[in-house]
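Here is a short report on one protein model. Read it with the structure open beside you.

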Amino acid sequence: MLAIHFGGGNIGRGFIGEVLNKNGFKIAFVDVNEEIIDALNDKHEYIIELAQEGTPQINVNNVYGINNKTHPEEVIASFEQADLITTAIGPKILPYIAPLIAKGIQKRRASHLTQPIDVIACENMIGGSAFLKEEVLKHLGKEDIDYLEQYIGFPDAAVDRIVPLQSHEDKLFVSVEGYKEWVIDESKLKNPALHLDGVHYAAALEPFIERKLFTVNTGHAATAYVGKYEGYKTIDEALKDETVKKQVEKVLAETGGLMVNKWQFDAKEHQAYITKILSRFANPYISDDITRVARTPMRKLGYDERFIRPIREANERGLETDHLIQTVAKALVYRDVNDEESQQLENLLKNESVEAVIRKVTQLEDETLIEKIVKEYTQVNKK
């Protein structure tokens with residue numbers, strides 16, 4: 001079997017690649033990074049090291065690379081043989097690969113292929129595959145769209161594994177945490193006969209996606225912004241500070257309250273989930289830079305993102321949001337000279353009122369919530 005995976009980075013190789021390899025797939029990694037693609041084509045294998053006691057290693061083989069910038073025709077041609085398409089490239093990059101996926105689908109239609117295939121976006125976003133589908137549809141005509149609706153699935157997925165920024169002499173070597181979770185919405189599969197070992201298939205995916213995003217992603221980002229505010233450089237270092245740890249725990253108590261109220265998760269089981277997540281963040285075998293986790297603060301402060309959405313939904317239910325709002329304020333004062341969005345946010349705050357910037361970045365319209373964020377921002381900006 002052949003899987004085409006868009007994204008040859010650490011998450012693609014260190015998470016999705018491992019699962020696909022264990023399921024017997026040959027993997028075509030598609031990327032524009034020449035070093036990674038050349039290394040994949042030279043070695044056809046790589047090593048994953050688990051960041052845990054004993055640092056066990058996993059060999060992933062039967063892989064190769066295609067540079068979609070210089071050889072897009074190879075990507076398109078590979079769609080004829082593919083059994084599965086996956087991505088791990090970041091939400092912002094999905095629209096850029098949509099035209100290539102559209103051409104691959106057209107190739108399958110021209111070849112009269114009727115074997116269903118699924119395209120799964122493994123991104124840190126709600127509805128990643130559905131979003132990618134809408135982008136792909138923009139590049140297809142009516143007959144192509146009819147073919148897609150019959151034979152091409154775009155099931156949403158939730159993925160969870162910490163893969164810190166790292167640099168190794170071996171460009172393909174990647175260190176990841178031992179824990180991993182990949183959940184797929186089975187109701188949207190076009191090829192339900194293909195079930196991956198190591199993947200959980202759920203009839204209702206949204207509760208799992210929200211639990212993950214508003215615990216793992218919210219908690220990770222909260223640790224980064226609060227940790228940076230307190231002067232730390234790595235996630236594990238920040239969580240050794242009781243001030244940071246307690247703030248993050250309170251943030252997750254608020255998102256947890258929302259998850260229990262909205263999806264009827266068992267409160268004790270959800271608290272155990274939070275405890276597990278925090279232990280992962282504090283993993284002594286992973287030194288995860290705050291700059292990696294905190295990057296793109298404007299995106300992370302978006303209307304449907306990890307802070308504003310739980311604030312909105314908890315507020316609608318009369319639930320507590322004070323610590324989430326405090327963390328949003330710390331995200332607004334986060335600065336990294338190497339992060340474009342951080343610099344853009346700083347310029348906005350210099351040239352416009354705080355209220356205007358909050359409205360623009362978060363798209364909030366609730367005046368009470370905006371006022372609370374402004375008040376907290378004024379407090380934290382004094383430091």
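Which helix lies across β6 and β7, and at about what angle does it run to β7? Helix α5 (residues 128-137) lies across β6 (84-87) and β7 (117-121), and it runs at about 110 degrees to β7. Such angles go from 0 to 180 degrees between N-to-C directions, with axes fitted to C-alpha atoms, for helices over the stretch in contact. Contact means heavy atoms within 4.5 Å. Helices (H or I, at least four residues) and strands (E, at least two) are DSSP runs, numbered from the N terminus.

This is a predicted model: local features need pLDDT of at least 70, side-chain atom pairs count only at pLDDT 80 or more, and totals for chains, interfaces and linings use all residues. Residues are numbered from 1 along each chain as its sequence is written, and side-chain values use heavy atoms, without hydrogens and water.

**The sheet**

Six strands form an open sheet with parallel pairing, in the order β5-β2-β1-β6-β7-β8. Each of β5 (63-67) and β8 (152-153) stands at an edge with a single partner strand, so one side of each has no neighbour in the sheet. Two strands pair if DSSP finds at least two bridges between them. Strands β1 (residues 2-6) and β2 (residues 26-31) pair in the parallel sense over 5 bridges. I4 has A28 in β2 as its bridge partner.

**Aromatic rings**

Rings of Phe, Tyr and Trp (its six-membered ring) pair if their centres lie within 6.5 Å; planes under 30 degrees apart count as stacked, over 60 as edge-to-face and the rest as tilted. The model has 5 aromatic pairs by this rule. Two of them are tabulated here.

| Pair | Centres apart | Planes | Type |
|---|---|---|---|
| F15 and W182 | 6.3 Å | 75 degrees | edge-to-face |
| Y225 and F307 | 6.2 Å | 55 degrees | tilted |

F15 lies in helix α1 (residues 10-22) and W182 in strand β11 (residues 181-185), so their pair ties together parts 167 residues apart in sequence.

**The cores**

A nonpolar core is a set of buried Ala, Val, Leu, Ile, Met, Phe, Trp, Tyr and Cys residues joined through side-chain atoms within 4.5 Å. The largest has 52 residues, of which F281, F307, V328 and L332 touch the most other members. Helix α7 gives the largest share of this core, 7 residues. Another core lies apart from it, with 35 residues, among them F15, L50, V163 and Y201.

Definitions and conventions
Buried means under 20% relative accessible area, exposed over 50%, partly exposed in between (1.4 Å probe, protein chains only).
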